[in-house]
Amino acid sequence: MAEIVFIEKFLMRLAAGMFIALVTLILVGEKRVDVYIAVFILIYFIFLALYSPLPKEVEKGMNIISKILITIFIIIVSFRILEIIAPTIIISILGP
Amino acid sequence: MLIKHAVIGLNLMIIGIVGSITSFILLNTPELTAALAGLAMVGAVMFAIGWEMPEHPVKAMREEIEYLRENIERMFEELNILDVKPSFLPSSMSKNGKPSIIIPLARHLHAKEAKKLPERFIITIRNIPYLKLKPPCTKLIEELAISKVENVGQVEDILSKILVQHLNIADNVKVAEKPNSTILVVASKMKYFGGEYRGKVGFTSALIGTVLAETLGRKIDFINLEIKGKDLILTFK
């Protein structure tokens, strides 16, 4: 039972954290979707670290999600870096 | 599987993914896209948890605990040891390398006598009988690799990790060592006091005593238990 309460606390705080980040970024006037997603991913990993270790049973599922999210984060950051150091590559990938 | 979590998570994930793609391509509103992407992320986490987490038959488990508790309580009552103050021994003092709780049946156990006790329920040292009990949460203690620490602050960290983070039965744990070498443990805003067990040392006290013995690497004697509102105050020596 305690495990479920712990997991629910994690879920609630993750959702609240993401909502706060969303409202803050909207208020700041951010228009880039990738910034929102990168911040959400960072919040996910922060909460995962704060609430680790999660119960053993859910570790497998959370590992899969973590791998997917870290891949998305790496892609977003790579595009941002490429945009600065080699903008021509970005143009060739995304088109003119 | 926690069906409620899995279903809600799956729904949120589908709504989030479909909605964010639609809003990104058709509506071109980054705020809505981001909000729906966030929804999909929370949904995915919820779904993964709901899918993986086993659902326990809580009612049956409660009944089983109640049945076992009542019979153990009756047994201890017959032996007249419900109010006896136990001692906690670290794993280094046991033959099987695991911490234990010693309940004296006649006379209190001295630290010198508590060396490498055999793995039996009833043990005799110099013809004096004692009960050697298995403490609670031994698996958790093993998993966290709890060993001897340097100061009381580290003991506090370990107890917080177990009681607040893992078991979620208290909001905060404080440990202090008095000049007369008694150790005071205060677990505040307790959510669970250990059922209706009438004995002197219930689940929480036994767990705290065992962790103290393991972290301080010596025999710990239970002195007193006090409940003030939602706070549990335990004294050990």
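**Figure 1. Buried residues of helix α6(B) in the predicted model**. The buried positions of α6(B) are B:Thr204, B:Ser205, B:Ala206, B:Leu207, B:Ile208, B:Gly209, B:Thr210, B:Val211, B:Leu212, B:Ala213, B:Glu214 and B:Thr215. The helix is thus shown as mostly covered, with 12 of its 14 residues buried. The structure is a predicted model throughout.

**Figure 2. Span of α6(B) and the residue that follows this helix**. From first to last C-alpha, the 14 residues of α6(B) reach 20 Å. This span is close to the expected 20 Å, at 1.5 Å a residue. Just after α6(B) comes B:Gly217, whose phi is positive, at about 70 degrees.

**Figure 3. Crossing of helices α5 and α6 in chain B**. Helix α5 comprises residues 152-166 of chain B, and helix α6 comprises residues 203-216 of chain B. Their axes come within 10 Å and cross at roughly 140 degrees. The crossing in which α5(B) passes α6(B) is right-handed. On the side of α5(B), the contact is made by B:Val155, B:Ile158, B:Leu159 and B:Ile162. The partners on α6(B) are B:Ile208, B:Val211, B:Leu212, B:Thr215 and B:Leu216. Eight nonpolar residues and one polar residue form this contact of α5(B) with α6(B), and no charged residue takes part. Among the α6(B) residues in the contact, B:Ile208, B:Val211, B:Leu212 and B:Thr215 are also buried.

**Figure 4. Secondary structure and burial in chain B**. Chain B contains six helices and eight strands. Read from the N terminus, the order of its elements is α-α-α-β-β-β-β-α-α-β-β-α-β-β. Of the 237 residues in chain B, 32% are buried. Among contacts in chain B with a separation of 6 or more, 55% are between residues 24 or more positions apart.

**Figure 5. Contact between chains A and B**. The contact involves 26 residues of chain A and 23 residues of chain B. On the side of chain A that touches chain B, α1 (2-28), α2 (33-50) and α3 (56-85) of chain A each supply at least two residues. The largest share of this side comes from α1(A), with 10 residues. By class, the residues on the side of chain A that touches chain B are 21 nonpolar, one polar and four charged.

Technical notes: Residues are numbered from 1 along each chain as its sequence is written. Chains are lettered from A and ligands numbered from 1 in the order in which they are written. This is a predicted model: local features need pLDDT of at least 70, side-chain atom pairs count only at pLDDT 80 or more; totals for chains, interfaces and linings use all residues. Helices (H or I, at least four residues) and strands (E, at least two) are DSSP runs, numbered from the N terminus. A residue is buried if 20 or more other C-beta atoms lie within 10 Å of its own, exposed if 12 or fewer, and partly exposed in between; C-beta atoms are placed from the backbone. Two residues are in contact if their C-beta atoms, placed from the backbone, lie within 7 Å. Axes are lines fitted to C-alpha atoms, for helices over the stretch in contact, and angles run from 0 to 180 degrees between N-to-C directions. A crossing is left-handed if the near helix is turned anticlockwise from the far one by less than a right angle, and right-handed if clockwise. Ala, Val, Leu, Ile, Met, Phe, Trp, Tyr, Cys and Pro count as nonpolar, Asp, Glu, Lys and Arg as charged, and the others, Gly among them, as polar. The expected span of a helix is 1.5 Å times one less than its number of residues.
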